[in-house]
Amino acid sequence: MDLSLVASNILNPPILAFFMGMLAIFLKSDLEIPAPIPKLFSLYLLFAIGFKGGVELSKSGIDQQVALTIVAAMLMSMLVPVYTFFILRIKLDSYNAAAIAATYGSISAVTFITATSFLTAQGIDFDGYMVAALALMESPAIIVGLILVSVFGGEEGKREIVWPEVLQEAFLNSSVFLLIGSLIMGIMTGEHGWEVMSPFTQDLFYGVLTFFLLDMGLVAASRIKDLQEAGVFLIGFAILIPIVNAVIALVIAKLIGMPQGDTLLFAVLCASASYIAVPAAMRLTVPEANPSLYISTALAVTFPFNIIVGIPLYLYGINMFWR
C-alpha cells in the first residue's frame, strides 16, 4: 500500500481534529462541545452534501450509469445485513446479531463526507449522484435487520412488529429526510441555486467538517471503554467486515463501469456503519439487543478505521484494480 496516501489523509485538518478530540479524552482534558452544536453541524453537513449532489445531478441527468449505481447501492444495503448476521451468529444471539448486521448494512454519512474531502484533496473527480446512493442505503438495512429478528429471533422474536412506525423511522428519520430534501432542492435550483448558496454550502464546509470531527473524536474515544464488552471477536469483525464489503463494492463497481472517484465513494458507503439512524431504530424495535455492542463497534472501531486507514486503503485497491 502507498503510505503517502495514508499520510496525505492523516495530514488533513478534519482528520487531525479527530485525533485531537481523541487525545483530549485520553489526557482527561475538560474539552467538550455543547450538545446542540454537533447536531447543528451534522444537519449542516447533510444539507450541504445533499444540495451539492442535487446541483450536480441537475447537470448530468439520470442515465443508465446513475440507475445501475443506485440499484447496486440498495442491493448492497440489503445483502450486507444478511451475510453479516450469519457471521455474527457464531458468537451472538439473534437479537444482537441482527442489530449489528443492520448497523453494518447501513451507512455513515460523515465517513462519506470525509471521503469526498479526501478525493477533493487528491484532485479526483466524483459525481453528485452518489449522494442519492447515500440517501437510499440507510433504510433498507433497518428493514432487513427487523426481518432477520422476526425470522430467527425465536418465539419472542416473532412478536408483532408495528410496521408503520418502523417504516417511518426508516424512511423519514432526520438524516434521510434532510438528504433527500436538499438533493431535490439542488436539482430544482441547479447552477443558479449553487451560486446563491455557495458562501454557505461551500465556503463554510471544511471548517464545519473539521469542528464536527473534533467532536466525533471526543465521542469515539469515550466509547472505547465499551469495547471491553464487545470482545475480540467483535473488534475483529468491525475491522475485517468493512474491508470485505469494500472489496465486494470494488468488484461491483468494476462490472458496471464506475469511474474511480465514484467507486471510492461506493466502497466507503458499503464499508461504513451507521451509529445514528440504525441504533435509534434498533433501540425502538429490538430492545433485547445491547446498544453498547452495535454503537461501540461502529463508532469506536469502524468509523476511526475507515477515516484514517480505510479510505486511502480502498483508493489504493482501486488504483491497483483499475490499472
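Residues are numbered from 1 along each chain as its sequence is written. In this predicted model, local features need pLDDT of at least 70, side-chain atom pairs count only at pLDDT 80 or more, totals for chains, interfaces and linings use all residues, and side-chain values use heavy atoms, with hydrogens and water left out.

**Exercise 1.** Determine which residues form a nonpolar patch on the surface, and state where L27 lies.

*Solution.* Step 1: a patch is made of residues with over 30% relative accessible area and no salt bridge, in which like charges are joined within 9 Å and nonpolar side chains (Val, Leu, Ile, Met, Phe, Trp, Tyr) within 5 Å. A salt bridge is a side-chain nitrogen of Lys or Arg within 4 Å of a carboxyl oxygen of Asp or Glu. Step 2: L23, I25, F26, L27 and I224 form the patch, and together have about 450 Å² of accessible area (Shrake-Rupley method, 1.4 Å probe, with only the protein chains shown counting as cover for residues). Step 3: L27 lies in the loop between α2 (13-26) and α3 (36-60); helices are DSSP runs of H or I with at least four residues, numbered from the N terminus. L27 has a relative accessible area of 63% and is therefore exposed (over 50%, 1.4 Å probe, protein chains only).

**Exercise 2.** Describe the largest cavity by its volume, its lining and its residue classes.

*Solution.* Step 1: on a 1 Å grid over the protein atoms alone, a cavity is a set of points where a 1.4 Å probe fits but cannot get out; lining residues have an atom within 4 Å of a point. Step 2: the largest cavity holds about 40 Å³ of space, where volume is the space filled by probe spheres set on the points, joined across faces, edges and corners. Step 3: its lining includes I49, K52, G53 and F112, and α3 gives the largest share, three residues. Step 4: the lining divides into six nonpolar, three polar and two charged residues. Here Ala, Val, Leu, Ile, Met, Phe, Trp, Tyr, Cys and Pro count as nonpolar, Asp, Glu, Lys and Arg as charged, and the others, Gly among them, as polar.

**Exercise 3.** Describe the largest pocket and the second largest pocket.

*Solution.* Step 1: a pocket is an open set of points with protein on both sides within 12 Å along at least five of seven lines. Step 2: the largest pocket has a volume of about 610 Å³. Among its 34 lining residues, K39, S42, F212, Y275 and I276 lie nearest its centre, and α3 gives the most, six residues. Step 3: the second largest pocket has a volume of about 280 Å³. Of its 15 lining residues, K52, T116, T120, F126 and Y206 are closest to its centre.

Key
Helix = DSSP H or I, 4+ residues; strand = E, 2+ residues; numbered from the N terminus. Buried < 20%, exposed > 50% of the residue type's maximum accessible area, 1.4 Å probe, protein only.
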